[in-house]
Amino acid sequence: MVIRKLTSEDYEQAEALFRKLHNIHVAALPDMFKERDQIYKKRDFKKLIKSKDKILLCAEEKGRIIAVSNTKLCTSGMTEMKMAFMDAIYVEDGYRKNGVGKQLFSETERLAKKWGAKRLDLSVWNFNKTALGFYEDLGMQIQNYTLEKVL
């Protein structure tokens, strides 16, 4: 298995995985997420992978992309500290619990540190207990709580 940056040639495989991740959210939170045929248009994907403020990675095995991640590099508005925000990480079902996600996360950390980020943040929905456990195992801690009341 190889962890590498996504390229424009990866569009179809990467788009399929980002769509699978989105569909998990659609199924669990249909009031918050709607079904989409596409997560990224091809031209938007090409812009993303060229962006200097993004880390888009994949795990590839035997020419097949089995995991993807999308992380934004930004500056905190209050302290102007460089930071990274992981927007998405997804590992195909058959490859979970084999260290794929951990390697993808570790490479994201490495690249974010190289850029100068002092922290890596992400959001996880409460329904996704598996992901929450994964992130806690990687040393992430709860930073805040977002509460809701459906009206």
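Analyst: Lys34 is an exposed residue, because its relative accessible area is 64%, where exposed means over 50%, buried under 20% and partly exposed in between, with a 1.4 Å probe and only protein chains considered. This is a predicted model, in which local features need pLDDT of at least 70 and side-chain atom pairs count only at pLDDT 80 or more, whereas totals for chains, interfaces and linings use all residues. Residues are numbered from 1 along each chain as its sequence is written, and side-chain values use heavy atoms, with hydrogens and water left out.

Lys34 sits in the loop that runs between α1 (11-28) and α2 (42-50), helices being DSSP runs of H or I with at least four residues and strands runs of E with at least two, numbered from the N terminus. Together with Arg36, Lys41, Arg43 and Lys47, Lys34 makes up a surface patch of positive charge. Such a patch takes residues with over 30% relative accessible area and no salt bridge, joining like charges within 9 Å and nonpolar side chains (Val, Leu, Ile, Met, Phe, Trp, Tyr) within 5 Å. In that count Lys and Arg are positive, Asp and Glu negative, and His and the chain ends are left out, while each charge is placed at NZ of Lys, CZ of Arg, CG of Asp or CD of Glu.

The surface also carries a nonpolar patch, formed by Ile24, Met32, Trp125 and Phe127, with about 340 Å² of accessible area together; accessible areas come from the Shrake-Rupley method with a 1.4 Å probe, and for residues only the protein chains shown count as cover. Phe127 belongs to the loop between β5 (120-122) and α4 (129-137), and counts as partly exposed because its relative accessibility is 31%.

Turning to paired charges, the whole structure holds 10 salt bridges, each defined by a side-chain nitrogen of Lys or Arg within 4 Å of a carboxyl oxygen of Asp or Glu. One of them joins Lys20 to Glu92, at 2.9 Å from N to O. Lys20 is partly exposed because its relative accessibility is 37%, whereas Glu92 is buried because its relative accessible area is 10%.

Asp10 pairs with Arg4, their closest N and O atoms lying 2.7 Å apart, and Asp10 is buried because its relative accessibility is 6%. Arg4 and Asp10 also belong, with Glu60, to a linked network of salt bridges. Within helix α3, Arg110 and Glu107 are three residues apart, about one turn of the helix, and they form a salt bridge whose closest N and O atoms are 2.8 Å apart. Arg110 itself is partly exposed, because its relative accessibility is 43%.

Helix α3 (residues 100-115) also contains Leu111, which is buried because its relative accessibility is 13%. Apart from residues up to four places away in sequence, Leu111 touches Lys5, Ile55 and Leu57, where contact means heavy atoms within 4.5 Å.

Met140, in the segment after α4, is buried because its relative accessibility is 18%, and its C-alpha atom is 8.8 Å from that of Leu120, 20 residues away along the chain. Beyond its sequence neighbours within four places, Met140 contacts Phe105, Leu120, Asp121, Leu122 and Tyr135.

Two loop residues deserve a note on backbone geometry. Most residues other than glycine have a negative phi. Lys62, however, has a positive phi near 55 degrees, and is placed in the loop between β2 (54-61) and β3 (64-75), where Lys62 counts as exposed because its relative accessible area is 83%. Glu80 likewise has a positive phi, near 60 degrees; Glu80 lies in the loop between β3 and β4 and is exposed because its relative accessibility is 65%.
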